[in-house]
Amino acid sequence: MKPFGKPAAVALAALLTLTACGGGGEATPAAQGPQPLRMTIWTSNEAHLKLFDEIAAEYRKTHPEVGEIKFDPIPFENYTTTLTTQIAGGNAPDLAWILESSAPDFVSSGALAPLDDTLGKAQGYEFGDLTPSAVKLWQAEGKLYAYPFSTSPFGVFVNTDLLKKAGQKTPAEMIKDGTWTWEKVAAQNAAVASKTGKAGMVVRDFDYKGWDNLATVWGGWGAQAWSEDGRTCGFDSPEMVEAMTFLHKSIFTDKAFPGPGTTADFFAGDSAMTITQISRASLLEDAKFGWDLVPLPAGPKGEYSVIGQAGLGVFKKSANAAAATDFLAFFTNPANSAKLAAYFPPPRASQLTADTMAKSNPLLKPDQLQKVVIGGIEKGVVKPNHTGQAELSQTVRAALDPLWQPGADVKAVLGGVCAKIQPMLGA
(Lines give C-alpha, C1' and ligand atoms only; values in the text may rest on other atoms or scores of the structure.)
Protein backbone atom coordinates (compact mmCIF):
# COMPACT_ATOMS: atom_id res chain seq x y z
CA MET A 1 0.00 0.00 0.00
CA LYS A 2 1.20 3.50 -0.79
CA PRO A 3 1.79 5.73 2.24
CA PHE A 4 0.29 9.19 2.44
CA GLY A 5 2.49 12.02 1.18
CA LYS A 6 4.21 14.33 3.65
CA PRO A 7 1.57 17.12 3.57
CA ALA A 8 -1.19 14.62 4.34
CA ALA A 9 0.83 13.20 7.21
CA VAL A 10 0.13 16.46 9.05
CA ALA A 11 -3.19 16.29 10.91
CA LEU A 12 -5.83 17.61 8.55
CA ALA A 13 -7.53 19.61 11.29
CA ALA A 14 -4.28 21.40 12.16
CA LEU A 15 -3.50 22.15 8.53
CA LEU A 16 -6.97 23.53 7.88
CA THR A 17 -6.80 25.66 11.00
CA LEU A 18 -3.56 27.18 9.71
CA THR A 19 -5.26 27.76 6.38
CA ALA A 20 -8.05 29.65 8.13
CA CYS A 21 -5.71 31.89 10.13
CA GLY A 22 -4.50 35.32 9.18
CA GLY A 23 -6.15 38.41 7.76
CA GLY A 24 -9.13 38.08 10.09
CA GLY A 25 -10.49 35.33 7.90
CA GLU A 26 -11.31 37.72 5.07
CA ALA A 27 -10.87 36.72 1.46
CA THR A 28 -8.19 38.43 -0.58
CA PRO A 29 -9.69 41.08 -2.89
CA ALA A 30 -10.23 39.71 -6.38
CA ALA A 31 -8.27 41.09 -9.31
CA GLN A 32 -9.99 43.14 -11.99
CA GLY A 33 -11.70 41.41 -14.93
CA PRO A 34 -13.58 38.11 -15.11
CA GLN A 35 -12.27 35.80 -12.39
CA PRO A 36 -12.16 32.01 -12.82
CA LEU A 37 -13.47 29.60 -10.22
CA ARG A 38 -12.15 26.11 -9.56
CA MET A 39 -14.10 23.35 -7.82
CA THR A 40 -12.44 20.07 -6.93
CA ILE A 41 -14.64 17.00 -7.36
CA TRP A 42 -14.02 13.24 -7.32
CA THR A 43 -16.06 12.24 -10.31
CA SER A 44 -14.81 12.09 -13.88
CA ASN A 45 -18.10 10.62 -15.11
CA GLU A 46 -18.92 12.29 -18.43
CA ALA A 47 -22.62 12.62 -17.64
CA HIS A 48 -21.86 14.31 -14.32
CA LEU A 49 -19.36 16.71 -15.87
CA LYS A 50 -21.73 17.58 -18.71
CA LEU A 51 -24.43 18.56 -16.23
CA PHE A 52 -22.01 20.60 -14.12
CA ASP A 53 -20.77 22.46 -17.19
CA GLU A 54 -24.35 23.21 -18.26
CA ILE A 55 -25.19 24.67 -14.85
CA ALA A 56 -21.97 26.73 -14.88
CA ALA A 57 -22.67 28.06 -18.38
CA GLU A 58 -26.17 29.14 -17.32
CA TYR A 59 -24.74 30.95 -14.29
CA ARG A 60 -22.16 32.84 -16.34
CA LYS A 61 -24.85 34.23 -18.64
CA THR A 62 -25.89 36.61 -15.86
CA HIS A 63 -22.53 36.91 -14.09
CA PRO A 64 -19.97 38.43 -16.50
CA GLU A 65 -17.63 39.09 -13.59
CA VAL A 66 -17.01 35.33 -13.35
CA GLY A 67 -14.65 33.74 -15.86
CA GLU A 68 -14.20 30.04 -16.53
CA ILE A 69 -15.69 27.70 -13.93
CA LYS A 70 -13.47 24.64 -13.88
CA PHE A 71 -14.48 21.33 -12.35
CA ASP A 72 -11.25 19.62 -11.34
CA PRO A 73 -11.59 15.82 -10.91
CA ILE A 74 -9.36 14.12 -8.34
CA PRO A 75 -9.42 10.29 -8.04
CA PHE A 76 -11.70 9.20 -5.21
CA GLU A 77 -9.12 6.99 -3.50
CA ASN A 78 -6.69 9.87 -2.94
CA TYR A 79 -9.16 12.73 -2.95
CA THR A 80 -8.66 14.16 0.54
CA THR A 81 -4.91 13.52 0.41
CA THR A 82 -4.57 15.43 -2.86
CA LEU A 83 -6.83 18.25 -1.68
CA THR A 84 -4.76 18.52 1.51
CA THR A 85 -1.60 18.70 -0.60
CA GLN A 86 -3.10 21.51 -2.68
CA ILE A 87 -4.04 23.42 0.47
CA ALA A 88 -0.57 22.95 1.97
CA GLY A 89 1.01 24.14 -1.27
CA GLY A 90 -1.06 27.33 -1.42
CA ASN A 91 -3.13 26.06 -4.33
CA ALA A 92 -6.47 25.51 -2.62
CA PRO A 93 -9.53 25.51 -4.89
CA ASP A 94 -12.31 28.07 -4.49
CA LEU A 95 -14.87 25.35 -3.84
CA ALA A 96 -14.46 21.69 -2.97
CA TRP A 97 -16.47 18.54 -2.55
CA ILE A 98 -15.80 17.15 0.91
CA LEU A 99 -16.16 13.51 1.96
CA GLU A 100 -18.22 12.70 5.04
CA SER A 101 -15.11 11.14 6.59
CA SER A 102 -13.36 14.53 6.54
CA ALA A 103 -16.40 16.61 7.52
CA PRO A 104 -15.49 16.99 11.23
CA ASP A 105 -12.05 18.37 10.36
CA PHE A 106 -13.20 20.74 7.64
CA VAL A 107 -16.23 22.02 9.55
CA SER A 108 -14.38 22.65 12.81
CA SER A 109 -11.29 24.18 11.22
CA GLY A 110 -12.56 27.63 10.33
CA ALA A 111 -11.22 27.20 6.81
CA LEU A 112 -14.68 27.19 5.20
CA ALA A 113 -16.92 30.19 4.68
CA PRO A 114 -20.32 30.08 6.45
CA LEU A 115 -23.13 29.74 3.93
CA ASP A 116 -26.26 30.64 5.90
CA ASP A 117 -26.50 34.33 4.97
CA THR A 118 -25.97 33.80 1.24
CA LEU A 119 -28.26 30.78 0.96
CA GLY A 120 -30.89 32.32 3.21
CA LYS A 121 -31.08 35.50 1.14
CA ALA A 122 -30.81 33.96 -2.34
CA GLN A 123 -34.04 34.54 -4.23
CA GLY A 124 -36.15 31.39 -4.50
CA TYR A 125 -33.57 29.28 -2.68
CA GLU A 126 -35.94 27.87 -0.05
CA PHE A 127 -33.20 27.42 2.54
CA GLY A 128 -35.68 25.98 5.04
CA ASP A 129 -36.34 23.05 2.70
CA LEU A 130 -32.97 21.50 3.64
CA THR A 131 -33.64 18.63 6.04
CA PRO A 132 -32.07 18.86 9.53
CA SER A 133 -30.67 15.33 9.31
CA ALA A 134 -28.88 16.13 6.05
CA VAL A 135 -27.20 19.32 7.27
CA LYS A 136 -26.25 18.08 10.76
CA LEU A 137 -22.79 16.79 9.82
CA TRP A 138 -21.92 20.07 8.09
CA GLN A 139 -22.84 22.47 10.89
CA ALA A 140 -20.92 23.95 13.81
CA GLU A 141 -22.35 26.30 16.43
CA GLY A 142 -25.50 26.76 14.39
CA LYS A 143 -23.74 27.72 11.16
CA LEU A 144 -23.68 25.72 7.91
CA TYR A 145 -20.19 25.31 6.41
CA ALA A 146 -20.94 22.97 3.52
CA TYR A 147 -24.03 22.17 1.50
CA PRO A 148 -24.86 18.43 1.68
CA PHE A 149 -25.25 17.98 -2.06
CA SER A 150 -25.51 14.20 -1.79
CA THR A 151 -27.08 12.08 0.93
CA SER A 152 -26.89 8.72 -0.74
CA PRO A 153 -27.64 5.33 0.83
CA PHE A 154 -25.72 2.32 -0.41
CA GLY A 155 -27.65 -0.35 -2.25
CA VAL A 156 -26.87 -3.53 -4.17
CA PHE A 157 -26.91 -3.57 -7.96
CA VAL A 158 -27.55 -7.13 -9.15
CA ASN A 159 -26.83 -8.83 -12.47
CA THR A 160 -29.98 -10.96 -12.65
CA ASP A 161 -28.75 -12.76 -15.78
CA LEU A 162 -25.70 -14.10 -13.93
CA LEU A 163 -27.86 -15.27 -11.04
CA LYS A 164 -30.17 -17.15 -13.39
CA LYS A 165 -27.19 -18.68 -15.18
CA ALA A 166 -25.97 -19.99 -11.84
CA GLY A 167 -29.44 -21.31 -10.94
CA GLN A 168 -30.05 -18.75 -8.20
CA LYS A 169 -33.15 -16.83 -7.12
CA THR A 170 -33.53 -13.17 -8.03
CA PRO A 171 -33.34 -10.54 -5.27
CA ALA A 172 -37.04 -9.76 -5.76
CA GLU A 173 -37.89 -13.40 -5.01
CA MET A 174 -35.62 -13.45 -1.97
CA ILE A 175 -36.98 -10.20 -0.57
CA LYS A 176 -40.50 -11.57 -0.99
CA ASP A 177 -39.75 -14.79 0.89
CA GLY A 178 -37.54 -13.13 3.53
CA THR A 179 -34.24 -14.70 2.48
CA TRP A 180 -32.44 -11.54 1.34
CA THR A 181 -29.82 -11.96 4.09
CA TRP A 182 -26.04 -11.85 4.12
CA GLU A 183 -25.82 -15.60 4.70
CA LYS A 184 -27.98 -16.42 1.66
CA VAL A 185 -26.49 -13.68 -0.53
CA ALA A 186 -22.94 -14.88 0.17
CA ALA A 187 -23.96 -18.40 -0.85
CA GLN A 188 -25.45 -17.04 -4.07
CA ASN A 189 -22.29 -15.18 -4.97
CA ALA A 190 -20.15 -18.21 -4.21
CA ALA A 191 -22.35 -20.21 -6.59
CA VAL A 192 -21.96 -17.60 -9.33
CA ALA A 193 -18.18 -17.63 -8.95
CA SER A 194 -18.10 -21.43 -9.04
CA LYS A 195 -20.52 -21.98 -11.91
CA THR A 196 -19.86 -19.02 -14.23
CA GLY A 197 -16.27 -18.03 -13.60
CA LYS A 198 -17.41 -14.47 -12.92
CA ALA A 199 -16.90 -12.67 -9.61
CA GLY A 200 -19.55 -12.61 -6.90
CA MET A 201 -20.08 -9.59 -4.66
CA VAL A 202 -17.90 -6.49 -5.14
CA VAL A 203 -17.81 -3.74 -2.50
CA ARG A 204 -17.08 -0.90 -4.89
CA ASP A 205 -14.28 1.52 -3.90
CA PHE A 206 -13.02 -0.91 -1.24
CA ASP A 207 -10.32 -2.81 -3.15
CA TYR A 208 -8.72 -3.79 0.17
CA LYS A 209 -7.83 -0.14 0.80
CA GLY A 210 -11.00 1.89 1.42
CA TRP A 211 -11.90 0.04 4.63
CA ASP A 212 -14.68 2.48 5.62
CA ASN A 213 -16.75 1.13 2.72
CA LEU A 214 -16.95 -2.16 4.64
CA ALA A 215 -19.42 -0.40 6.95
CA THR A 216 -21.93 -1.48 4.29
CA VAL A 217 -21.26 -5.07 5.39
CA TRP A 218 -20.50 -4.94 9.10
CA GLY A 219 -23.54 -2.72 9.72
CA GLY A 220 -25.66 -5.87 9.42
CA TRP A 221 -24.02 -7.13 12.62
CA GLY A 222 -24.49 -3.83 14.43
CA ALA A 223 -20.73 -3.23 14.41
CA GLN A 224 -19.11 0.22 14.48
CA ALA A 225 -15.58 1.46 13.85
CA TRP A 226 -15.80 3.47 17.07
CA SER A 227 -18.40 4.49 19.62
CA GLU A 228 -20.99 7.20 18.96
CA ASP A 229 -18.92 9.76 20.87
CA GLY A 230 -15.82 8.74 18.88
CA ARG A 231 -13.77 7.92 21.98
CA THR A 232 -13.75 4.11 22.05
CA CYS A 233 -12.49 1.74 19.35
CA GLY A 234 -15.08 -0.72 18.09
CA PHE A 235 -12.95 -2.97 15.90
CA ASP A 236 -12.40 -5.50 18.71
CA SER A 237 -16.08 -5.71 19.65
CA PRO A 238 -17.83 -9.11 19.39
CA GLU A 239 -20.08 -7.72 16.66
CA MET A 240 -17.14 -6.58 14.53
CA VAL A 241 -15.23 -9.83 15.06
CA GLU A 242 -18.28 -11.81 13.95
CA ALA A 243 -18.86 -9.59 10.91
CA MET A 244 -15.25 -9.65 9.78
CA THR A 245 -15.00 -13.39 10.35
CA PHE A 246 -17.97 -13.79 8.01
CA LEU A 247 -16.32 -11.50 5.46
CA HIS A 248 -12.95 -13.27 5.68
CA LYS A 249 -14.56 -16.68 5.17
CA SER A 250 -16.64 -15.33 2.27
CA ILE A 251 -13.49 -14.03 0.57
CA PHE A 252 -10.92 -16.75 1.15
CA THR A 253 -12.96 -19.93 1.67
CA ASP A 254 -16.23 -19.49 -0.20
CA LYS A 255 -14.90 -17.15 -2.92
CA ALA A 256 -18.11 -15.12 -2.71
CA PHE A 257 -16.09 -11.88 -2.91
CA PRO A 258 -13.12 -11.41 -5.26
CA GLY A 259 -9.85 -11.59 -3.35
CA PRO A 260 -7.03 -9.06 -3.16
CA GLY A 261 -5.56 -8.15 -6.53
CA THR A 262 -8.65 -9.23 -8.47
CA THR A 263 -10.44 -6.57 -10.48
CA ALA A 264 -14.09 -7.16 -11.36
CA ASP A 265 -16.27 -4.39 -12.76
CA PHE A 266 -19.96 -5.09 -12.19
CA PHE A 267 -20.99 -2.51 -14.77
CA ALA A 268 -18.98 -4.34 -17.43
CA GLY A 269 -20.73 -7.60 -16.53
CA ASP A 270 -17.80 -9.03 -14.55
CA SER A 271 -19.59 -9.69 -11.25
CA ALA A 272 -22.98 -10.74 -9.94
CA MET A 273 -23.46 -7.90 -7.47
CA THR A 274 -21.89 -4.66 -6.30
CA ILE A 275 -22.50 -2.42 -3.31
CA THR A 276 -22.53 1.22 -4.33
CA GLN A 277 -24.76 4.30 -4.64
CA ILE A 278 -27.30 5.38 -7.25
CA SER A 279 -24.87 7.86 -8.80
CA ARG A 280 -23.38 4.79 -10.53
CA ALA A 281 -26.68 3.92 -12.22
CA SER A 282 -25.74 5.95 -15.31
CA LEU A 283 -23.11 3.29 -16.06
CA LEU A 284 -25.96 0.89 -16.81
CA GLU A 285 -27.46 2.97 -19.60
CA ASP A 286 -26.11 0.59 -22.25
CA ALA A 287 -26.01 -2.55 -20.08
CA LYS A 288 -26.11 -5.81 -22.01
CA PHE A 289 -27.58 -7.73 -19.07
CA GLY A 290 -30.66 -7.68 -16.86
CA TRP A 291 -30.22 -5.89 -13.56
CA ASP A 292 -31.96 -4.77 -10.39
CA LEU A 293 -31.25 -2.40 -7.49
CA VAL A 294 -32.17 -3.56 -3.99
CA PRO A 295 -31.36 -2.63 -0.35
CA LEU A 296 -28.41 -4.09 1.53
CA PRO A 297 -29.02 -7.67 2.71
CA ALA A 298 -30.25 -8.07 6.29
CA GLY A 299 -27.68 -9.15 8.83
CA PRO A 300 -28.00 -10.93 12.18
CA LYS A 301 -29.21 -7.62 13.67
CA GLY A 302 -31.83 -7.21 10.95
CA GLU A 303 -32.30 -4.63 8.22
CA TYR A 304 -30.06 -1.56 8.16
CA SER A 305 -28.79 1.16 5.86
CA VAL A 306 -25.49 3.00 5.44
CA ILE A 307 -25.24 6.47 3.96
CA GLY A 308 -22.41 8.12 2.11
CA GLN A 309 -22.67 11.88 2.36
CA ALA A 310 -20.81 14.65 0.62
CA GLY A 311 -20.69 18.39 1.19
CA LEU A 312 -19.79 21.34 -1.02
CA GLY A 313 -17.92 24.16 0.69
CA VAL A 314 -16.12 27.41 -0.12
CA PHE A 315 -12.65 28.17 1.21
CA LYS A 316 -12.81 31.38 3.20
CA LYS A 317 -9.32 32.49 2.10
CA SER A 318 -10.11 32.13 -1.59
CA ALA A 319 -9.52 35.33 -3.55
CA ASN A 320 -12.96 34.71 -5.04
CA ALA A 321 -14.83 33.52 -1.94
CA ALA A 322 -17.82 35.83 -2.46
CA ALA A 323 -18.27 34.77 -6.09
CA ALA A 324 -17.73 31.12 -5.16
CA THR A 325 -20.41 31.29 -2.46
CA ASP A 326 -22.82 32.96 -4.87
CA PHE A 327 -22.16 30.26 -7.46
CA LEU A 328 -22.71 27.58 -4.81
CA ALA A 329 -26.13 29.11 -4.13
CA PHE A 330 -26.97 28.91 -7.84
CA PHE A 331 -25.51 25.41 -8.26
CA THR A 332 -27.69 24.09 -5.42
CA ASN A 333 -30.92 26.09 -5.89
CA PRO A 334 -34.18 24.09 -6.18
CA ALA A 335 -34.08 23.85 -9.98
CA ASN A 336 -30.46 22.69 -10.14
CA SER A 337 -30.87 20.46 -7.10
CA ALA A 338 -33.59 18.64 -9.04
CA LYS A 339 -31.19 18.16 -11.95
CA LEU A 340 -28.38 16.96 -9.67
CA ALA A 341 -30.82 14.48 -8.12
CA ALA A 342 -30.31 12.32 -11.20
CA TYR A 343 -27.04 11.24 -9.57
CA PHE A 344 -26.92 12.70 -6.07
CA PRO A 345 -29.93 12.32 -3.69
CA PRO A 346 -30.85 15.85 -2.61
CA PRO A 347 -31.12 17.21 0.95
CA ARG A 348 -34.38 19.00 0.13
CA ALA A 349 -37.46 17.53 1.79
CA SER A 350 -39.67 18.55 -1.13
CA GLN A 351 -37.52 16.57 -3.57
CA LEU A 352 -37.10 13.43 -1.47
CA THR A 353 -40.01 11.53 -2.95
CA ALA A 354 -39.84 8.53 -5.25
CA ASP A 355 -41.99 10.23 -7.89
CA THR A 356 -39.88 13.40 -7.89
CA MET A 357 -36.60 11.53 -8.04
CA ALA A 358 -37.89 9.20 -10.76
CA LYS A 359 -38.22 12.17 -13.12
CA SER A 360 -34.46 12.71 -13.04
CA ASN A 361 -33.55 9.02 -12.67
CA PRO A 362 -35.15 7.38 -15.73
CA LEU A 363 -33.08 4.20 -15.33
CA LEU A 364 -34.46 3.55 -11.85
CA LYS A 365 -38.01 2.56 -11.00
CA PRO A 366 -40.00 4.45 -8.33
CA ASP A 367 -40.09 1.27 -6.24
CA GLN A 368 -36.28 1.00 -6.33
CA LEU A 369 -35.92 4.65 -5.35
CA GLN A 370 -38.43 4.27 -2.52
CA LYS A 371 -36.86 1.16 -1.00
CA VAL A 372 -33.17 1.93 -1.51
CA VAL A 373 -32.94 5.73 -1.40
CA ILE A 374 -35.92 7.10 0.50
CA GLY A 375 -36.09 4.15 2.88
CA GLY A 376 -32.31 4.13 3.26
CA ILE A 377 -32.16 7.80 4.22
CA GLU A 378 -34.89 7.31 6.82
CA LYS A 379 -32.99 4.62 8.76
CA GLY A 380 -29.40 5.00 7.61
CA VAL A 381 -26.20 5.80 9.51
CA VAL A 382 -23.38 7.79 7.93
CA LYS A 383 -20.09 6.05 7.10
CA PRO A 384 -17.32 6.36 9.74
CA ASN A 385 -16.08 9.91 10.28
CA HIS A 386 -13.89 11.46 12.97
CA THR A 387 -11.62 14.41 13.59
CA GLY A 388 -8.13 13.54 12.40
CA GLN A 389 -9.68 11.13 9.92
CA ALA A 390 -6.74 11.23 7.49
CA GLU A 391 -4.32 9.81 10.05
CA LEU A 392 -6.92 7.48 11.52
CA SER A 393 -7.77 6.10 8.10
CA GLN A 394 -4.13 5.50 7.23
CA THR A 395 -3.54 3.74 10.55
CA VAL A 396 -6.62 1.50 10.25
CA ARG A 397 -5.75 0.62 6.68
CA ALA A 398 -2.24 -0.48 7.63
CA ALA A 399 -3.43 -2.37 10.72
CA LEU A 400 -6.00 -4.30 8.65
CA ASP A 401 -3.41 -5.43 6.08
CA PRO A 402 -2.70 -8.76 7.84
CA LEU A 403 -6.40 -9.63 7.62
CA TRP A 404 -6.40 -9.84 3.84
CA GLN A 405 -4.71 -13.22 3.52
CA PRO A 406 -5.82 -16.84 4.02
CA GLY A 407 -5.50 -18.13 7.57
CA ALA A 408 -5.52 -14.71 9.20
CA ASP A 409 -6.38 -14.56 12.92
CA VAL A 410 -9.36 -12.21 12.61
CA LYS A 411 -9.75 -11.49 16.32
CA ALA A 412 -6.04 -10.82 16.78
CA VAL A 413 -5.87 -8.48 13.78
CA LEU A 414 -8.88 -6.48 14.95
CA GLY A 415 -7.41 -6.26 18.43
CA GLY A 416 -4.28 -4.88 16.81
CA VAL A 417 -6.34 -2.20 15.05
CA CYS A 418 -7.67 -0.99 18.40
CA ALA A 419 -4.21 -1.05 19.94
CA LYS A 420 -3.09 1.33 17.20
CA ILE A 421 -6.02 3.75 17.06
CA GLN A 422 -7.32 3.90 20.66
CA PRO A 423 -4.67 6.50 21.63
CA MET A 424 -5.77 8.56 18.61
CA LEU A 425 -9.43 8.60 19.65
CA GLY A 426 -8.85 10.79 22.66
CA ALA A 427 -10.32 8.52 25.33
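About 40 Å³ of space lies in the second largest cavity. The model is predicted: local features need pLDDT of at least 70, side-chain atom pairs count only at pLDDT 80 or more, and totals for chains, interfaces and linings use all residues. Residues are numbered from 1 along each chain as its sequence is written, and side-chain values use heavy atoms, with hydrogens and water left out.

Rolling a probe the size of a water molecule over the atoms shows where empty space is left. On a 1 Å grid over the protein atoms alone, a cavity is a set of points where a 1.4 Å probe fits but cannot get out, while a pocket is an open set with protein on both sides within 12 Å along at least five of seven lines; lining residues have an atom within 4 Å of a point. Grid points are joined across faces, edges and corners, and a volume is the space filled by probe spheres set on the points. Counted this way, there are three cavities of 30 Å³ or more.

The lining of the second largest cavity consists of Tyr147, Phe149, Ser337, Leu340, Phe344, Pro346 and Pro347. The largest cavity is lined by Phe154, Pro295, Leu296, Tyr304, Ser305, Lys371, Val372, Gly376 and Lys379.

The table gives volumes and lining classes. Ala, Val, Leu, Ile, Met, Phe, Trp, Tyr, Cys and Pro count as nonpolar, Asp, Glu, Lys and Arg as charged, and the others, Gly among them, as polar.

| Space | Volume | Lining residues by class |
|---|---|---|
| Largest cavity | about 50 Å³ | five nonpolar, two polar, two charged |
| Second largest cavity | about 40 Å³ | six nonpolar, one polar, no charged |
| Second largest pocket | about 940 Å³ | 18 nonpolar, 15 polar, seven charged |

The second largest pocket has 40 lining residues, and Glu228, Val381, Val382, Lys383 and Asn385 lie nearest its centre. Two or more lining residues come from each of helix H7 (132-135), H11, strand E11 (306-314), helix H16 (366-379) and strand E12 (381-382). E11 gives the most, with three residues.

Helix H10 (residues 182-196) has 15 residues and reaches 21 Å from its first C-alpha to its last. This is close to the 21 Å expected at 1.5 Å a residue, the expected span being 1.5 Å times one less than the number of residues. Several residues of H10 are buried, including Trp182, Val185 and Val192; buried means under 20% relative accessible area, exposed over 50%, and partly exposed in between (1.4 Å probe, protein chains only). Among the elements that the buried residues of H10 pack against are helix H8 (160-165), helix H12 (238-252) and strand E8 (199-203).

Thr196 also lies in H10 and is buried, with a relative accessible area of 18%. Leaving aside neighbours within four places in sequence, Thr196 is in contact (heavy atoms within 4.5 Å) with Leu162, Lys165, Ala166 and Ala191. Just after H10, Gly197 takes a positive phi of about 80°.

Five of the five residues of E8 are buried, so this strand is largely enclosed by the rest of the structure. E8 runs parallel to E9, and four bridges join them; two strands pair if DSSP finds at least two bridges between them. Val203 stands opposite Ile275 in E9. In the loop between E8 and H11 lies Asp212, which counts as buried at 13% relative accessibility.
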